[in-house]
Amino acid sequence: MKPRSILLLLACLPAVCASSASGAHYAGQLVEFEPAAEYSIQQVTQTLAAAYTVTGEDIGPLMRSATAVKAYAIKYYTPYVDGRLVIASGLVSMPEPLAASYPVVAYMHGTALKNDQVPSYPDRCDEALLINTLFASHGYVAVMPDYIGQGRGTNDSIRHPYLYAATTATTVTDMLKAVNELSALLPVQLNNKLFICGLSQGGHSTMAAQRYIEQAPAAQPFRLVASAPCAGPYYLPILWDFWLANNPYKAPPLTAHLYLSYKSIYGFSEALGSVFIPPYDGSIESIDDGTHTDVEVCSMLPATIQTLMQAGFINVVNARTHPFY
């Protein structure tokens, strides 16, 4: 553990001392946290100006009310697709200095093909920087999950379950539970209000989390006040049809990313050679392994789905007879 990391001893959490002492872990349990970044008021206002001046919006009130921000990277337990507990990570950011009881806003990031370009590494994630300046510097505790298999969690042995709603929902809500534990240790006062939002994959993640919270609100540490899922792939067959017909930029990498995710989750038995055209059948897993940026992956793959994937595979998906559909 890094020198400034704080390994949480169960003695700090009297309600779970017995189970913790026996070595048992639970979903939403905080594992450790460490300072990840600090932003001065000047850095916050410079970021706001760079992001919004070109839009013509009046950001004067935001500039005048901004505070400094302190951000922590945290690790916590959450269930993987198969039910076993794994360690996930994320970023928690808050106003500095602390001076009130704060609501929580959870922001879910968009697709990141490189596993360290996520919020717990805020210097590598533009979304995290913007959320810090919009929310954490204006009276919210901002919570940003990395998702399983990305960030500082158990990302060397498991694949990120991309666009898998069930696990995504628990990854988000378990981080909220961990943040509730964290609040007693820093300490930071939280009121019970929760706002959730996200863009692209984060829109899908937001809607998945909203549905999960609404199904069992009593099990959540905060009360959901508002949800803003933005531009998310909520109904994936439509997304497949759109990608196939239009081949927008990044469609081949994202299609491959989604297929490999679902192959891992659902156990498709077919050989990669029946899905991907050579030589990509032999290289796709090393290309989509979480170590390459979006730009790098795009440069390593063809420009269309039709030149990446076998026609036979595309046909059975279009016929709705392949389990991927």
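Which residue takes a positive phi just after helix 8? In this predicted model, local features require pLDDT of at least 70 and side-chain atom pairs count only at pLDDT 80 or more, whereas totals for chains, interfaces and linings use all residues. Residues are numbered from 1 along each chain as its sequence is written, and side-chain values use heavy atoms, with hydrogens and water left out.

The residue in question is glycine 267, whose phi is about 70°. Helices (H or I, at least four residues) and strands (E, at least two) are DSSP runs numbered from the N terminus. Helix 8 comprises the 16 residues 251–266 and reaches 22 Å from its first C-alpha to its last. This is close to the expected 22 Å, the expected span being 1.5 Å times one less than the number of residues.

Threonine 206 has a relative accessible area of 0%. Beyond its neighbours within four places in sequence, threonine 206 is in contact (heavy atoms within 4.5 Å) with Met108, Ile196, Cys197, Gly198, Ser227, Ala228 and Pro229.

Aromatic side chains were examined next. Rings of Phe, Tyr and Trp (its six-membered ring) pair if their centres lie within 6.5 Å; planes under 30 degrees apart count as stacked, over 60 as edge-to-face and the rest as tilted. By this rule there are 14 aromatic pairs. Phenylalanine 135 and tyrosine 140 form an edge-to-face pair, at 5.5 Å centre to centre and with 85° between the planes; tyrosine 140 is partly exposed, at 24% relative accessibility. Tyrosine 164 and tyrosine 266 are also edge-to-face, with 6.1 Å between centres and 80° between planes. Because tyrosine 164 lies in the loop between strand 6 (141–145) and helix 5 (165–185), and tyrosine 266 in helix 8, this pair ties together parts that are 102 residues apart in sequence. Tyrosine 164 is buried at 18% relative accessibility, whereas tyrosine 266 is partly exposed at 48%. Both belong to one aromatic cluster, together with Trp240, Tyr259, Tyr262, Phe268, Phe276, Phe313 and Phe324.

A charge sits over a ring if NZ of Lys or CZ of Arg is within 6 Å of the ring centre and within 35 degrees of the ring normal. Arginine 124 lies over the face of tyrosine 121, at 4.4 Å from the ring centre, and arginine 152 lies over the face of tyrosine 121 at 4.6 Å.

With a disulfide taken as a pair of cysteine sulfur atoms within 2.5 Å, the count comes to 0 disulfides. The sulfur of cysteine 230 is 6.8 Å from the closest cysteine sulfur, in cysteine 197, and is therefore too far for a bond. Cysteine 298 is likewise in no disulfide, the nearest cysteine sulfur, that of cysteine 125, being 18 Å away. Cysteine 230 is partly exposed, with a relative accessible area of 34%, whereas cysteine 298 is buried at 16%.

Key:
Buried means under 20% relative accessible area, exposed over 50%, partly exposed in between (1.4 Å probe, protein chains only).
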